[in-house]
Amino acid sequence: MTAPTHPVGPGYARSARCAECARIKAAYYAAWRAGDRATAVSLTAEMGRHQRTAHT
Ligand SMILES: [Zn+2]
């Protein structure tokens, strides 16, 4: 039982703020549930970039 229960990264603590947030978030959770950590990590980075560019 060492796996994280919830993969919270930068930008994931808040709920979706726009359609792009929702899209990235949905893709992120889908990838995480599928066990595709590489895609999940890349989506975390994508969400971080999106939030910096669209929500600051
Ligand atoms: Zn957004």
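A crossing of two helices is left-handed if the near helix is turned anticlockwise from the far one by less than a right angle, and right-handed if clockwise. The views below show a predicted model.

**View 1. Helices H1 and H2 pass each other in a left-handed crossing.** The secondary structure of the protein consists of two helices and zero strands. The axes of H1 and H2 (residues 37–54) come within 9 Å and cross at roughly 165 degrees. Angles over 145 degrees count as roughly antiparallel, so H1 is roughly antiparallel to H2.

**View 2. Residues of H1 and H2 form the contact between the helices.** From H1, the contact takes in Glu-20, Cys-21, Ile-24, Ala-27, Tyr-28, Ala-31 and Trp-32. H2 contributes Thr-39, Ala-40, Leu-43, Thr-44, Glu-46, Met-47, His-50 and Ala-54. By class, the contact residues comprise 10 nonpolar, three polar and two charged. An α-helix has 3.6 residues a turn, so residues three or four places apart point the same way.

**View 3. Helix H1 covers residues 19–33 and is followed by Gly-35.** H1 has 15 residues and reaches 21 Å from its first C-alpha to its last. This span is close to the 21 Å expected at 1.5 Å a residue. Gly-35, after H1, has a positive phi, near 85 degrees.

View 4. A residue is buried if 20 or more other C-beta atoms lie within 10 Å of its own. Buried residues make up 12% of the 56 residues in the protein. Met-47 and Tyr-28 are 19 residues apart in sequence, and their C-alpha atoms are 9.2 Å apart in space. Both Met-47 of H2 and Tyr-28 of H1 belong to the contact of the two helices.

**View 5. Arg-17 is shown with His-55 and Gln-51.** Arg-17 lies in the segment before H1, and His-55 is found in the segment after H2. Arg-17 and Gln-51 are 34 residues apart in sequence and 9.1 Å apart in space, C-alpha to C-alpha. Arg-17 is partly exposed, because it has 14 other C-beta atoms within 10 Å. His-55 has 12 C-beta neighbours inside 10 Å and so counts as exposed.

Technical notes
Residues numbered from 1 in each chain as written. Predicted model: local features only at pLDDT ≥ 70, side-chain atom pairs only at ≥ 80, totals over all residues. Helix = DSSP H or I, 4+ residues; strand = E, 2+ residues; numbered from the N terminus. Expected span 1.5 Å × (residues − 1). Axes fitted to C-alpha atoms, helices over the stretch in contact; angles between N-to-C directions. Parallel < 35°, antiparallel > 145°, perpendicular 65-115°, else oblique. Contact = placed C-beta atoms within 7 Å. Nonpolar A, V, L, I, M, F, W, Y, C, P; charged D, E, K, R; others polar.
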